[in-house]
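Trainee: I would like to learn how to read a protein model step by step. Please take me through one.

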Amino acid sequence: MLIRIIEKKDDAIIASIIRQCLIEYGGDHRPDTAWADPFLDRFSEVYIHDNNCYWVAENEDGQVIAGVGIGPLNGKEGICELQKMYCLPEYRGCGIAQKLLDTALDFAKQQYASCYLETMQNMDRAKSFYEKNGFAHTCETIGNTGHCGCDYHYILHFNHN
C-alpha cells in the first residue's frame, strides 16, 4: 500500500469514494454533508496550501481506495479539522485508515494545537476508530465546518512538550 499526496488524476476517484460511502450511511440525503461540498471534485486544487493537505491510499494495483485531509478549522485559530476520511468498504479493517490517520495527524501536530472532526451518529465503526486513536467526543460544535449535517463531534489535543 502507498500513501501519497493527492494529484489531479485522483480528484474524480476520491469524490466517487466519498459519495459511495455517504450513500452507504445515508449521508446523501442529509443536508450540509460532504455530499454538497463544492470542492469535492477538485481536492488537488484545494489542498495546496502550507497548512492543509489531502492524502490518498493506493492498493497493490495502484487503485486509489481511501483518503483523508487536514485543513484549518474556520473560526478557530490553532485548531485543524480532519476532513473527508473515507475508505472503500472492501478495504476497511486492513490498517489503511490507521496509516492515513497517522500520516494526517503527524502533519497536523507540526502546525496545530488540536484536531477537530465531525462524523455522523450512525458511523459506529468510524466513531470507535477515532476514540481508539485518542479523540474525545464533545457535544460542542467547534468552528465553522459548513457540514452541520454531521451530528457527532470529536476533538484531539496534541501534547506539545
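Mentor: We will go through the helices, the pocket and a few single residues.
This is a predicted model, in which local features need pLDDT of at least 70 and side-chain atom pairs count only at pLDDT 80 or more, while totals for chains, interfaces and linings use all residues. Residues are numbered from 1 along each chain as its sequence is written, and side-chain values use heavy atoms, with hydrogens and water left out.

Trainee: How many residues does helix 1 have, and what does it reach from its first C-alpha to its last?

Mentor: Helices (H or I, at least four residues) and strands (E, at least two) are DSSP runs, numbered from the N terminus. The expected span of a helix is 1.5 Å times one less than its number of residues. Helix 1, residues 11-24, has 14 residues and reaches 20 Å, close to the 20 Å expected. Just after helix 1 comes G26, with a positive phi of about 75 degrees.

Trainee: Which residues of helix 1 are buried?

Mentor: Buried means under 20% relative accessible area, exposed means over 50%, and partly exposed is in between (1.4 Å probe, protein chains only). In helix 1 the buried residues are D11, I14, A15, I17, I18, C21 and L22. They cover an arc of only 160 degrees around the axis, which puts them on the same side of helix 1. The arc is that of the directions from the helix axis to the C-beta atoms.

Trainee: What covers the buried residues of helix 1?

Mentor: Here we need contact, which means heavy atoms within 4.5 Å. The cover includes helix 2 (43-46), strand 2 (53-58), strand 3 (64-72) and strand 4 (79-87).

Trainee: How many residues line the largest pocket, and which lie nearest its centre?

Mentor: On a 1 Å grid over the protein atoms alone, a pocket is an open set of points where a 1.4 Å probe fits, with protein on both sides within 12 Å along at least five of seven lines; lining residues have an atom within 4 Å of a point. Grid points are joined across faces, edges and corners, and a volume is the space filled by probe spheres set on the points. The largest pocket holds about 670 Å³ of space. It is lined by 32 residues, of which M85, Y86, A126, F129 and Y130 lie nearest its centre. Strand 3, strand 4, helix 3 (96-109), strand 5 (114-119) and helix 4 (124-132) each give two or more residues to the lining. The largest share, seven residues, comes from strand 4.

Trainee: How does the lining of the largest pocket divide by class?

Mentor: Ala, Val, Leu, Ile, Met, Phe, Trp, Tyr, Cys and Pro count as nonpolar, Asp, Glu, Lys and Arg as charged, and the others, Gly among them, as polar. The lining has 19 nonpolar, eight polar and five charged residues.

Trainee: Is K8 buried or exposed?

Mentor: K8 is exposed, with a relative accessible area of 58%. K8 sits in the loop between strand 1 (2-5) and helix 1. Leaving aside neighbours within four places in sequence, K8 is in contact with S44 and E45. E45 belongs to helix 2 and counts as partly exposed at 40% relative accessibility. E45 and K8 are 37 residues apart in sequence and 7.6 Å apart in space, C-alpha to C-alpha.
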